[in-house]
Amino acid sequence: MFEINLDLVKKYDKPGPRYTSYPTAPHFNESFTHEDYLDEIIKTNYGENLPELSLYFHLPYCDTLCYFCGCNMLITRNRDRVKEYIKYVKKEIDLLRTYILTDRKVSQLHWGGGTPTHLLPDEINDLASYIKSSFNFKIDSENGCEIDPRELTREHLEALRNNGFNRISMGVQDFNEKVQKAINRIQPEDITRQTVTWVRELGFNSINLDLIYGLPFQTLNSFAETVEKIIDISPDRIAVFNYAYVPWMKKHMALIHDEDLPKPEIKLDIIKMTIEKLTSAGYVFIGMDHFAKPDDELAIALKEKKLCRNFQGYSTHAATDLYSMGITAISQLNNIYTQNFKTEKEYYNAIDCDTLPIAKGYMLSYDDHLRREIIMKLMCNFELDINETEKKFKINFNDYFSWGMNNLKQFEDDNLVRLKKDKITVTEMGKLLIRNIAINFDKYIESKEDTAKYSKTI
Ligand code: SF4
């Protein structure tokens, strides 16, 4: 069992990015143009031994509003609106695929939202088969979809499975009825269990369940009951997210009353209990907020130091170019990040003009590449080979990162990292505070450009 030192959590619990990218999305800017994007697409589709592809589709619609929601979503029951969106996503696929070499293999596909299963089974069939016929999928590609059990039938899951989806992820958040009522997400336990049964019967390879702590009315005991029920359901992966209450950024969060939220001490007790219960039940602590069974690919990748990180969090697929479609979707190629327009109107207008619908982007410098590699290695492998980094980037590590290495001495004293001449190693306890370790290599944190923009670790 992994025992948590709460004093250290309290000491280091400062806001920090989740580093699904470096630099992070707030640094993407509108001076990045459509031509910049096309240039990079053309460059990265030239030559031999090109990396495999990842595809992400953002399907933003949901039936009802969950008051805690931090996603880019749109609430609608208008089926025509959904149909129109699917039509435009297909047009975006058509625009994009003209630039991508046809023999490049797709190793990873993800549908996120919103709620992708807000699409009807026929619409799932329609879009999924269009995607399959537009790209060249590997036979063993990892195809995941986020689902919402509250508006799901077995036919939705059959449509996904028949189209090659093999991974399912769904939100549970908390089984407690009082909590569910306060967040406007009534999801009875039997619906969740029924959905998991269907997922298993239909032969999906893996199921992930999401929990959130820090929601209104949660107590140590009430959340312990939820964790025990999750262990009983026995998903392959579990993510336990800290609720970021930011009503000044997401107005609907004001529907949750500040005074109903658990106090920071309760949240600390909850995360300690959760980690200890999950690891005692045999789950491997992957890092930050993710857990997996020891035979799950994520746990194996962690052991083999092949874990990587993308916009969906931890992943087993390194070195792929990520093309993302739909509103707000973020793409990543070697030197760039781009993000699509946020509204349907802007997104449709761009596509109607036969342009890829990007609103902004970012071109990485040499320094960004160096820092991205260090941050991702620390976040994923939990160690960094200093000699290798010096050779690859032709730097003197301790000179280049004197600010960060100096800060890390305190982390070393607290047994969160081990610092050797040629290696930084993160300890088990350090894995929980990995964001706070990684920020020591973030240029924007060092130059104090980023202050309190991010949520806290716990
Ligand atoms: S279903 Fe998911 S994306 Fe939709 S409102 Fe609820 S939490 Fe947000």
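A residue is called buried if 20 or more other C-beta atoms lie within 10 Å of its own, exposed if 12 or fewer do, and partly exposed in between, with the C-beta atoms placed from the backbone. By that count, 42% of the 458 residues of the protein chain are buried. Keep in mind that this is a predicted model, where local features need pLDDT of at least 70 and side-chain atom pairs count only at pLDDT 80 or more, while totals for chains, interfaces and linings use all residues. Residue numbers start from 1 along each chain as its sequence is written.

**Overall build**
- The protein chain has 18 helices and 19 strands; these are DSSP runs numbered from the N terminus, with helices (H or I) of at least four residues and strands (E) of at least two.
- Its radius of gyration, taken over C-alpha atoms, is 22 Å, close to the 23 Å from the globule rule for 458 residues, so the chain is as compact as a globular protein of that length. That rule is 2.2 Å times the number of residues to the power 0.38.
- Along the principal axes, the C-alpha atoms fill a box of roughly 60 × 55 × 40 Å.

**Helix H9**
- H9 runs over residues 264–280 and reaches 24 Å from its first C-alpha to its last, close to the expected 24 Å (1.5 Å times one less than its number of residues).
- Its buried residues are Lys267, Leu268, Ile270, Ile271, Thr274, Ile275 and Leu278. They cover an arc of only 160 degrees around the axis, which puts them on the same side of H9; the arc is that of the directions from the helix axis to the C-beta atoms.
- Glu265 and Ser280, on the other side of H9, are exposed.
- The buried residues of H9 pack against several elements, including helix H1 (6–12), helix H8 (220–233) and strand E7 (206–213).
- After H9 comes Gly282, with a positive phi near 105 degrees.

**Around the ligand**
- The residues around the ligand include Cys62, Cys66, Cys69, Cys71, Met73 and Asp148, each counted because its C-beta atom, placed from the backbone, lies within 6 Å of the molecule.
- By class, this shell holds six nonpolar, four polar and one charged residues. Ala, Val, Leu, Ile, Met, Phe, Trp, Tyr, Cys and Pro count as nonpolar, Asp, Glu, Lys and Arg as charged, and the others, Gly among them, as polar.

**Val196**
- Val196 belongs to helix H7 (residues 189–201) and is buried, with 20 other C-beta atoms within 10 Å.
- Neighbours within four places in sequence aside, Val196 is in contact with Ile207 and Ile233 (C-beta atoms, placed from the backbone, within 7 Å).

Conventions:
Two residues are in contact if their C-beta atoms, placed from the backbone, lie within 7 Å.
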